[in-house]
Structure formats: structure tokens, C-alpha cells
Amino acid sequence: MDAATISVNSAGGSGEFPTIIQRARPYLTEEQIEDLKPDDPGWEARDVSMRLNACNWILSIGALLQFPIRTMATAMILFHRFKLFHPKWEHPYSDCAAAALFVACKIEDTLKKSREILAAGHSIKHGATSAESINPDNPLLDEPARRTLILERVILESSSFDFRNRHSQPFLIKFCRKLGLDKEVSRLGWDICIDCYRTLSPLKATPHVQALAAISLAQKLLGRKEIPIEYDKFEAKRADVLDVMKDLLDLYTHHRSYTIVGEKYSAETYITIRIALNEVSAQEASSSRINGSHHSNGKGKGKGVSALAPGITGLSEKDKLAIGESVRFMLDGERERKERRGSVMDTREG
């Protein structure tokens, strides 16, 4: 992350306020995600298990409190981003998931207090069927509520305070109507879209790409003749859709019990589809090389991990002291570039 010295006006004149500009980036490349993972051989398995358990916890609480799917989906995305930028955070996954769901409630205008979410979690943990089994004002929730408030700030920083969330379900419904698909494909596609949030695909692919992947996979699982999709008309790339389908098939092959769709079909079915997708990907990659172009899914492009990490993550102690741990979050890329150019000019003139 590059520290930028921004000149600002203060109470009697002008001065230099050392700070970092952090622009929100809702999507990351596969390479950037891999670079953010720690070099620990056993970490990957623990992390996947924690993510899947957290997603199931969020969906269970959301169902009990009757949250809309958009709130639960936003919570799962927030949790994934949090774990990506803080891979070795020591809090239990339930605390992090509760904080993510609490932030998602605010983002999606689903009014619910943190104590109500924690009360529902307590009820599920102890086998109760109603969120009223424990009063939200119970002293047992004092410490979890305190931890939730601490984690809320960290989760907001992990998302760079970017609340522009879009989900795949509305696209799925519109695309199914456009393509003339029946309800069986639509319902299976809906469940696949929910399972997609258990993977890191929402951090890599846009919602309409996820919807197209869910439709294609649903047709394959149902044994239907796949309707040809003109990806250009849907502002999507076939290679991106295939990448999402591969993530889903990996999920269904190795973690079937955590998913909605996974146990509805045999492991052989998923493996067969995956083999076919690998062959298609290989053919397209070969064709692209012959034509002098290739699809890299953004790998190797854009800024590195140090420029993507939110807050002060990834900074050296020297950088932290230089900026006083002050971070400014921005959504407008053009404004970020202007201020960075301005800071460079000020430095040269000084």
C-alpha cells in the first residue's frame, strides 16, 4: 500500500497531513486472492471449514429471524472479505459471522439489533427452535455483544466502507425469463446461487456472471440440452462463467454436506461435469493462443496485495508511524488518482 502525503487546510493555514488513500475494490483477481493467503500448509483446510460453518450459521440465523436472502448473502460476502484480509484472526467463527450479519442488516435496511442476532445464535446452539428462548437483554450476551461491536469496525474496514452490493438472484430470474427456461431449472439455479456464496466467487465474479453460471450448471445437472447463451449480449465472458462453475463443482465434490444442492446428485455426476468443463477450457485456451490472445481472468493485472489490503493491513511499522495509522477510504477511483497526483506534485515542489 502506498502512503500518500495529502496537503490539507487546517485551522490557521495549510499543512501536510500524512495519510493513506484506500479505494474500495469489490472484485479481486484469483492471483490477488492467492497472494493474500498465508504460507501455512494446514491453513487452507481450516479456513475452508471455517467459511462453510460460518455461512451455514448465517443462513440458519437468517432463516430463524426471517431475513431476506439479500441480507444473508451480503453477510456471507462480508465474512469472506474479513477472513481474506485477516486470515489468522483468533475470534470464533460465530462471533465474526454475527458481526458480519449485523453489518449486513444495516447495509440492507433489515432492522435488527446485534443482541437479537446473538440471542438467535444462542437458541440454535442450544437446540431451541425459537429466537425468544433467551431474552436479548440477558447478561449472558454482554460479552458477545461487546466483541460484535469490535468486529463491526474491522469488517467495515475490510469492505473499505463500500456498501454497493449487488446479488445474483434478480439476474437469475430475469435471465431465466429471457431464455424461456422452466421453473425446475429456475428453482435449481436459485439454490445454486445461494451455494455460490459459500465460495469465493462473489469476490471474483459479478452477479450476472454468477447467475449465468448457475443456469448453465442447473441445466447440466438436470440432464437438459443446454440452451446456447450469447455471452456478448449479456455483457459476460464464457471463461468467467466457467471459472464460477468450477468453484461450484469443487464445492459440491468435496463439501457436499454443507450445501443445498450437493447431496441431490452423486459425486460422479459432479466429477463428470468438471472433466467436461476442463476439456472445454483447454480447447478455448488453445484457440485463444492460436489467435494471439488469451484469457487470464485478470491475473497479473492491477495492483498488488499491498495496494488492496484495507485499513493498515500489510503496512510496515515504518509506514504506520509515517502516516499515524490514518486511512481515508474512497469509492471514486478518479478522485483517488487526482489526489495521488496532487500529493506527488506537492512532494516534488517541496
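**Figure 1. The lining of the second largest pocket holds five nonpolar, five polar and 10 charged residues.** Here Ala, Val, Leu, Ile, Met, Phe, Trp, Tyr, Cys and Pro count as nonpolar, Asp, Glu, Lys and Arg as charged, and the others, Gly among them, as polar. The model is predicted: local features need pLDDT of at least 70, side-chain atom pairs count only at pLDDT 80 or more, and totals for chains, interfaces and linings use all residues. Residues are numbered from 1 along each chain as its sequence is written, and side-chain values use heavy atoms, with hydrogens and water left out.

**Figure 2. The second largest pocket has a volume of about 420 Å³.** Its lining counts 20 residues. Glu44, Val48, Thr199, Leu200 and Asp247 lie nearest the centre. Helix α2 (43-64) gives the largest share, five residues. At least two residues each come from α1 (30-36), α2, α9 (201-204) and α11 (238-254). A pocket is an open set of points on a 1 Å grid over the protein atoms alone, where a 1.4 Å probe fits, with protein on both sides within 12 Å along at least five of seven lines; lining residues have an atom within 4 Å of a point. Points are joined across faces, edges and corners, and the volume is the space filled by probe spheres set on them.

**Figure 3. Cys193 sits in helix α8 (residues 183-196).** Helices are DSSP runs (H or I, at least four residues), as are strands (E, at least two), numbered from the N terminus. Cys193 counts as buried because its relative accessibility is 1%. Buried means under 20% relative accessible area, exposed over 50%, and partly exposed in between (1.4 Å probe, protein chains only). Beyond four places in sequence, Cys193 is in contact (heavy atoms within 4.5 Å) with Ser168, Gln169, Leu172, Ala211 and Ala214. Ala213 is 20 residues away along the chain, with 8.6 Å between its C-alpha atom and that of Cys193.

**Figure 4. Asn135 lies in the loop between α5 (114-125) and α6 (142-158).** Its relative accessibility is 46%, so Asn135 counts as partly exposed. Leu118 is 17 residues away in sequence, and the C-alpha to C-alpha distance is 10.0 Å.

**Figure 5. pLDDT stays under 50 over residues 1-15 and over residues 293-324.** pLDDT is the predictor's confidence in each residue, from 0 to 100. Beyond four places in sequence, the model has 39 contacts for residues 1-15 and 64 for residues 293-324. The protein's mean pLDDT is 80, and 75% of its residues reach 70 or more.
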